[in-house]
Structure formats: structure tokens, C-alpha cells
Amino acid sequence: MSKIQVDRELVRKVADLAQLSLSEQEIGLYQERLSKVLSYVEQLDSVHESLGKDWRPDTARGAPGASTPERADTVTGSLSVEEAMKQAPARIGTAFQVPRILE
Amino acid sequence: MTANLTVKSIVDLVRSGKQTPTQLAAAYLDRTRSIAQKLNSHLHLDEAAALSEALAAEKRIHEIGAHRLPLAGVPVLVKDNICVRGSKTTCGSKILENYVATYDATVIKRLREAGAFVLGKLNMDEFAMGSSNENSAFGPVRNPWNLNYVPGGSSGGSAASVAARLAPVALGSDTGGSIRQPASFCGIVGLKPTYGTVSRFGLVAFGSSLDQIGPLTTTVEDAALVMDVLAGLDASDSTSVQHPQSDFARGLSENPDALKGMTVGIPEEFFESGLDSEVGACLERAIADVQRAGAKIKRVRLPNISYSVAAYYVIATAEASANLARFDGIRYGYRTKEAGLGLKDLYRKTRSEGFGQEVKQRIMLGTFVLSSGYYDAFYSKANKVRELISRDFDAVFDSGVDLILTPTSPTPPFKLGEKLSDPLAMYLSDICTIGVNLAGLPAISVPCGRTKAGLPVGMQLIAPKFNEQTLLNGAHAYERATEWHKDQPAI
Amino acid sequence: MNAQQNGTKTSRPSEAQVNKPQEATVLDRYEPVIGLEVHCQLKTKTKLFCGCSTSFGAMPNHNTCPICLGHPGVLPVLNAEVVNFAIRFAMAVDADIHEISVFARKQYFYPDLPKGYQITQFDLPYCTGGKMVLASGKAVRLMRAHIEEDAGKNVHGDESSYVDLNRAGVPLIEIVSEADIRNPEDAADYLKRLRSLVRSLDICDGNLEEGSFRCDANISIRPRGREQFGTRCEIKNLNSFRNIERAIKYEILRQADVLDQGQKVLQQTMLFDAASGKTQPMRTKEESHDYRYFPEPDLLPLRIDAARIEEQRKVLPELPEAMARRFQEQHALSNYDAAVLTSDKDLANFYEAVVKRVAGAVTEKIVANWVTSEYLREANNRSWDFINPPITSDHFGELMELIGKGVISGRIAKTLFEEMAEKGPGNGPNAMVQDQGLVQVSDTSEIRSVIDKVLDANPGQLAEYLGGRDKLFGFFVGQTMKISGGKMNPQLVNDVLKELLDARRKG
């Protein structure tokens, strides 16, 4: 892994993906802080790992041979629509309201 | 009255009819009124709700009988990232400032079934991200031993409250040390169970593969009593498992001198440079005490443990970046007050205004490590290192070690504001606890000394997966051999 | 939506030049390369990861709970029936079912995606491979199929959009074909067969309009003879077989036009507008999507063992291909009739119910003719549902019996069927025949007297016939049937007329 240069553009790109809007000042702040943390994290690069090709973190999870638990296909009920909706910051009828989405 | 009560003594009082849950609730609320404000430990202290909870417990005790309820009448404080239906669950964040939980976490159901009741909700680092409880949107929690010091984090409200005897037990959550480190900073007992032992259903997720709920108490015995109720398979949590052991409290009483004949491993990595000298001195004495209690001390190595903080900050933030994506101001929670925004700006303003600085930083870090082109170098690699660390622990336990002993934190409690400017220094304060979460192991912090300034120091014991019994037995035997757990802050 | 569709009359110059006549020459010069992605909503009672009902048509947000609303602290638990359905699908297309597969989070922000990520399968899907064989005999290879959760629905108003999460979390299997398809007709045939298959398996109701069977097409074209694929575009919003074919045809011509003008096809997502028949780029800015997939930490890997696969094999229903073969043998039908009847399992069931009802009173071939022509025509025109059609297999069988036993003529039967279709079957064809006096006249003396009258009333035509114009035979049949109101047994009319004409010729 080559050293990651955390520039303002990278901070902007990541904030964009994470749906955060940052002021110019905040971009500077996060640029500095993320640089520090990332350069520390880059030490992972130096770890010699000997796990072998077949080892994968995604299939190794859980007890050996365990499959994700399954539930019966039985309706267990929903919230009342009032309870589902009552904390919505904006709603129309029983639907959540958002600014018009352009397709 | 409440200052000397424990979970055990409360259950005895309720069973003998000397106290009722409502009397206990009233007594604890009295004490809380004067102290919680100084500590800023409580986010929601709804006295009416607490009393009605106590009444419900009373009714249950009346119907079922106190003798059949393992936690009859026990008031429990709950970290504010655990859902209690009808109560606010803010996670210490502005984005959930007014969020009212729509269901009960499994742990809350289990506690109530056992006769316990919820007394209130506690302050914490926003979304459990922090090691000092300075990241709460609702102000920092203070250490009851010295109000200028941090109580640790992220379960700072839980540790401070129990240390100040505002309840005999509080629930915390531990992703990288968030139960153990504040327990250590506040001079109490904090247990992080084996991953999967306690249901996460209703715990607002931070790092889903690392998070566990656990108790903070003043004694090891109390931790065992509460764990007996918390542990268990839950069909609502696909990562939950049936713990092979049960009745921890009885196991404890049957084996009071458990350290006798045990082999306790001391990983050299945690005692090298970076360890505060006062903490080091406390630990040396603790090791001697453990040895005196009959344990054999063995120096061991965890070759990859120094990479744990790096691996942790990749994995935990990656998971967090996805877990926190649901907070978008559409279905519940905070929404920007700015009018006339398009959808994208609505998302961005809402999230930027709703999340605090540390949370945004971790979301961005997690977003970055998962982004196209960096996944293998960061996320995949971190998971491999996680496996190596896990195997290091296995190797130590396979070599005949029953428990591993380390400091809980390399430093004693620090002053408010002291580490805020340096994210790395703050992250590194979790160096002793993080490996345990990566490996999914159970670990406990117990008080083992005080600094010259009178601040508590904790010792961490770590056991193999699903061996909470050995962990609790060892910690209990140490507690019996020492007096540290009896100290109370003079607040 | 409407405003959008009507407001796009002005097309870009390149689009204006795309017109039908080019099609033949375009296909001479370019070869289309088509791959299809189909999302099948599974017919389970509950959602993929929570116990909310999947019933369609509920009021907005009435089928939601903390889990599918993405409230803080909730966790998913996999619905076992989804896995069973998915296994059945994989077996039916002869795919490799993987012993271990992994759920992953696909991250993007959209109001209909409550958690900010979709739980799906990414680099380890539960099955890969398999194939679908088309009418043309061509086999389309499948790349993979995976289990995932559906998103909710955004409804767009003038100022706001509204989010309904009833559909959020409904189980889907996404079926991805290899880019093996080379023309729009095969694309449509692939989809029809896939739909028929998932309906036979009883895992998906295959309703394109309601969105339980959704298709996206990836299309590129390349000059004939070239191996390298061109740049592909994805078309979304294809909600009928007709539109799928139209959209693909249009897109092929559009891409050919771009290439012919010396320009490059841009990789983009297109929407098909059924009103104008055109595809156009989605209006949202094409962001470089970075979905940041990673393994779902709230679920363990899914392990499917051999025993479970065998269990599902036992409940696997007869699949369309096998059923068509059986129909040909058992009911002595043509390849065509068998294919049409088994294209829909409910239609096939209807046919077999009718055959059982008539119990040999009429041949299976005649029943097949009636079902594939008269019945299907009315069913299509009137959008009948084959499970509960307004004309039941009992009534339809009764009608077939009336024909078989010679009680009514085929012509009367058609009129009667149309009437039943129009007004409802009432008390059934038997009662209708009695009430309306439609019983076929098979009494030769009555037939004889009518024919005599017809011959006497048309002396000119009779003279011509006797003079050698044999074609006029039909004229007399027609006149006879007309007078009788079509109720006379046509075979008897033929026989008697021939006899009487012969007699007059001799006389």
C-alpha cells in the first residue's frame, strides 16, 4: 500500500459518499485528523499474515459450520401505522414526506 | 441507605420483605436528584416512569414470588443506546435527541422478567464513540472521584452512576473497551461478555461484530447475578448463541478461592513502554496479590496485539459508517430546520447538524476504508489481522493459561479536555481492551488500586470464549483477597 | 409521472432520426448483445428479515415494524421459506447451489431504503450457473441468482415525494443472465419462460404491472464479426413484455445511430417511456456509484446442506418443460398446443380440469383448441385470472360436453361462450341452451322440410346448381342454417341436402 495522501479533495469525496456537508474549515480539520489516523492505520500493511488463501473473513464468522439462524415464515405483526409514523419529521397522510425526487 | 446496597443485598431485602421496589426506587431517586446533576450522568430521569416501572416489578414479585425472580426489585440504570419502549433513546446524539424507542431491547425484557426495573437512562459518548465521555451532545460526564476528571467512555454515565451508588447496576455497551475502561476509571466492576452471549437486539449498533452489552456493578458477585439474567440465546439476534455455562453466581460461591491452581498469563506487550508508572505499580501489586491467592504467573506474548488499535479503527468505523446511514431525517429523528432544500441537501444538512465531530470523523474513516480501491488494503487486511490477534489469544490459552491479566487502561483517568485535540492519543488509550473485542473474548475490569491523586486504577482479566465462569471466579477470588472494591468516591 | 411523460415530446436530433425502416439494415450490420436482470418478489407470507406481512395493496406504511423501518437497534433474522424458495429456483434452472453464501450490505442513500443499505448477496451468492432454454432452442446461461431485500416505494408529487415502506424488506431473488441473448424476441421469450417457471414453482406471482416480476436489460451492440463487446446501457422501468421488446428494439437502433454518426455510446442508465416508445437517460446526475459492499455483520454465512436440497427436491412441482412433454403424450396434443397450455401453470390446471370434467365426451384435442383459441382470447381481452376465472372449468366443461354430445353446434357454442363471457355464466350452458331453445335439431324429417322450403324459395340458384355449379351447395347450407337459427346439426344438414339435391338432379 502506498501512503495515502489525505488531501481536501479526498475529504470532500468521502464526505459526499457519507452524505455530510462540511465547511471549508471543517474540511481542513478532518483532513488533518484523518491523515493522522490513516497514517497510523497504515501499519497494518507491515503485518505478515499467514492465514492461507482459503481463509476468508466473511465465511469464517460464527462457530465452525454454523449457518445463520432462520425463522418460520409466520406473520408476527407490524406497528400500528400511527406508531410507525408518529416520529416522522414530515409526513403526508401515512407516507413519509421528502423533497421531490428527480428521476 | 442506598450507598451500601448491592444487587445481592437488594434481592435479599426484597425477598425478606424489608424493602419494596417502589421504596427502593424512591430512595435511589432521592440520592440521584442531588448527585446526577454534578456528574451529568443522566440523560432522562423520568421519576414518574421510574416509579411506574418499580410498581410493575412489585406486581410481578407479588404474582410470581420474589424467590423465583433472580433480580427481584433491583433498579437498573441503562446506557442511552439501549432501547426502552416509550422512553427516549438518544445515544448521546442530537440526531436522536427526541427519538422515542418503539420497542424494548431483549436485555430490558429479560431484566424485567427477572424482577428488575429500569430507573433511568444514562449519558454516554455519542453513539458510543469515545473513551472519555466528552463526545456526548449533552455535555461530558464527570468522574465522581474528581469532577475535573473524565469517567472514561463510552459508558461514562453508567460507570459514574454506579460508582456514585445511584443504582447497584447499570448496563453498558462495549465495542472496544467501553464498559471496562470507564469501570476502571471509576473504581468499579465492568464485564464485557463473550461476543454472542448477550443479545444485541435493541442495542443501537456501533460496530456490530464487536458490540456487546454487559453489566457495571460494584462487586463481581453482582456482575455474576446480572449476567445470569442477561446471557441467553435470542431468536431476534442472529449472532446470539446459547452460552454453555449457566448459574454464574452459584459457580462463584462454590469456588471462592478459584485463583488457587490457576495459571494467569501476563502479556509482556501491555507492560512495556507507554504504561503509566502509577498504573504499572498498581498492576505489579495486583499480580503479586493474584500470586498470593494461589495462581501461577506465566509471562506470555501476544505478537500481533500492537496492531489491534489499527485493525479496530478500520473494522469498527467501517461497520459504523453503514450502521449510522439510517439516520437521515426521514422516518424519525432530527431533520434540519432549513427549508426548501432538495433531497441531497436535506440529507447532508441533517446529518452534518445532527452528528458530532467525532462521529462524523469515524463515519468518514469507515466510508473511506470501504470505498472502491481501498477495501482490500484496509478492510480485508484489518480482518486478517483480527484473525491473527484472535489466534494469538487462542495460543496463549492453549498453552495452559486460564486467565490473562492486563491493565484495563494504560493510564489513570485524565482531565477533561486533555486528549480531545489528539484523536490518536485518545484511540491509543483503548490499547489494552480492544484486542478482546476483536477476538470476541469475555473480559472483566476490577479495581486494583488508586493513584497518588486518589483516582482509581483497574485490572483486566481475560478468559477464553464462553468461559465467563472462570473469568468471574478469578475476579471474585481477587476481590476477596483485596479491599479496593470497597472504596467509594466521596461525592 | 404523467407530466414527465407528456413533457418530453421534443427529442434530441439523434433520436428523431431513429426510425423503423433502419431496423433491418441495422441488424445486418450490428449484433445486439443483451443480458437481463430479473427481480422476482417471492410469495412468502412475511418479509425477508422481519415478521411483517408482504400483502400487496395495503395503505402506505401499514405493513411496517421497527426492523423494516430501520429503527435504531434492530437486527435482521432470515426467513427460512425464502431460502427454500431460492433453492427450488436454483434446482429448476440446474444451477449450482453453494454450500456457503454470504449476505452483504450494499450502501447508498435513497428515501425508500430505510437503513441506508440493502442486505443482499455480493461476491458469494447462494447459486451460480444454470440455464434457460428458449423456444428457438437456444440456451441462455445464467450467471447467478441471489437473495436480497426489496426497497420501498417513492411516489412523486409536484413538490414532494412520498415514501411508502410496505415493500421495504420484501424478499427478492435477483436472477442475472449472461449476455447470451442476441435479439429482442429472444429477450422477451427468455422473460416469458422465466416468469412461467417461477409461477410454476409457486415462488413468485410474476405480476409485471404490480412489480413482483421486474426486468432490467443491459444492451450493447457490436459490428457483426467483432468479438469485443460494445459499451452497454442499462434500461430500467420495463413493465410489460411488449414494452421490453419495444425498449430493446429502440435502444438497439439508438445505439446504432450513435455509432453510425461516429460517436461513442455512453455507459448510462436509461428509462423507457412507454408513451413515446423511447429510451432516455435518467435525469439524475450519473454519480459514480460506490456501494461500499461489505459482509453483513448482523448475519452469519448461510449454509445450505445436501439434505435441505433433497427436501426441497421432494416438493418441487412439475416444471413447464416437463409438463409440456407430458401434455403431448398424455393428452395427444401438438407441440404448439402443449406449449401454449403449459406456458402458465394456472391455465394448464384449467385445461386439465376441463378434460377431467368432460371425461371423454369430447376429445382432448378439441378441448385444447377451444382453450387456446376462444377461451384465451376472451381471457386476454377481459384480463381473466386463470385461478378464479369468471367461467369456471365446470361451466367450460359443460359447454364442451354439449358440443361433444351433439346437443349444440360449434357455432352455437361460440355464441353461447361469448354470451357467457359478456354477461357471466348464469346457471351454466345447459340451462342457457334449454332456456333459449338452442338444442340442436337432429330430426331428419324437420331438416328435410326446411331444406325443401329453401330449394323451392331459390329456383334460380337451384337451376344453376343442377346445371353444374357445385359451389352453390354451400349457399343452400347457409340458407338452411339461417332459417333454423343455426340450431340444426350441420352434419345432418349436409347429408340431407346432398340427398335431396341428388334426388332433384335425377328427378
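This report walks through the chain contacts, sheets and helix packing of a predicted model.

Some ground rules first. Being a predicted model, it has local features called only at pLDDT of at least 70 and side-chain atom pairs counted only at pLDDT 80 or more, while totals for chains, interfaces and linings use all residues. Residues are numbered from 1 along each chain as its sequence is written, with chains lettered from A and ligands numbered from 1 in the order in which they are written.

**Where chain C meets chain A**

Let's start with the contact between chains C and A. Here 45 residues of chain C touch 35 residues of chain A, a contact being two residues whose C-beta atoms, placed from the backbone, lie within 7 Å. On the chain C side, two or more residues each come from β2 (78–79), α4 (80–92), β10, β11 and β18 (302–303). Helices here are DSSP runs of H or I with at least four residues, strands are runs of E with at least two, and both are numbered from the N terminus. β11(C) gives the largest share of that side, with 5 residues. By class, the side of chain C that touches chain A holds 23 nonpolar, 15 polar and 7 charged residues. For these classes, Ala, Val, Leu, Ile, Met, Phe, Trp, Tyr, Cys and Pro count as nonpolar, Asp, Glu, Lys and Arg as charged, and the others, Gly among them, as polar.

β11(C) also takes part in an open sheet of 4 strands, ordered β2(A)-β3(A)-β11(C)-β10(C) and paired antiparallel. Its edge strands are β2 (91–92) of chain A and β10 (153–156) of chain C, each pairing on one side only. Strands count as paired when DSSP finds at least two bridges between them. The link between the chains is the antiparallel pairing of β3 (95–99) of chain A with β11(C), where Pro99(A) sits opposite Ser160(C).

**Strand pairs side by side**

| Strand pair | Sense | Bridges |
|---|---|---|
| β3(A) and β11(C) | antiparallel | 4 bridges |
| β10(C) and β11(C) | antiparallel | 4 bridges |
| β5(C) and β17(C) | antiparallel | 2 bridges |
| β7(B) and β8(B) | parallel | 5 bridges |

One backbone detail: Asn61(C) has a phi near 65°, a positive value in a residue other than glycine. Asn61(C) is in the loop between β1 (30–41) and β2 of chain C.

**Chain B and its helix α10**

Over in chain B, 35 residues are in contact with 25 residues of chain C. Helices α10 and α12 of chain B each supply at least two residues to that side, and α10(B) gives the most, with 3 residues. The side of chain B that touches chain C divides into 18 nonpolar, 11 polar and 6 charged residues.

α10 (308–323) and α12 (357–370) of chain B also pack against each other, at an angle of about 100° with axes 7 Å apart. Axes are lines fitted to C-alpha atoms, for helices over the stretch in contact, and angles run from 0 to 180 degrees between N-to-C directions. The two helices are therefore roughly perpendicular; angles under 35 degrees count as roughly parallel, over 145 as roughly antiparallel, 65 to 115 as roughly perpendicular and the rest as oblique. Their contact residues come to 8 nonpolar, 4 polar and 1 charged.

α10(B) has a partner in chain A too: α2 (24–41) of chain A packs on α10(B) at about 120°, with axes 9 Å apart. Val37(A), Tyr40(A) and Val41(A) meet Ala310(B), Tyr313(B) and Val314(B) there, a contact of 6 nonpolar, no polar and no charged residues.

Finally, the peptide bond from Gly153(B) to Ser154(B) is cis, with omega near 5°.
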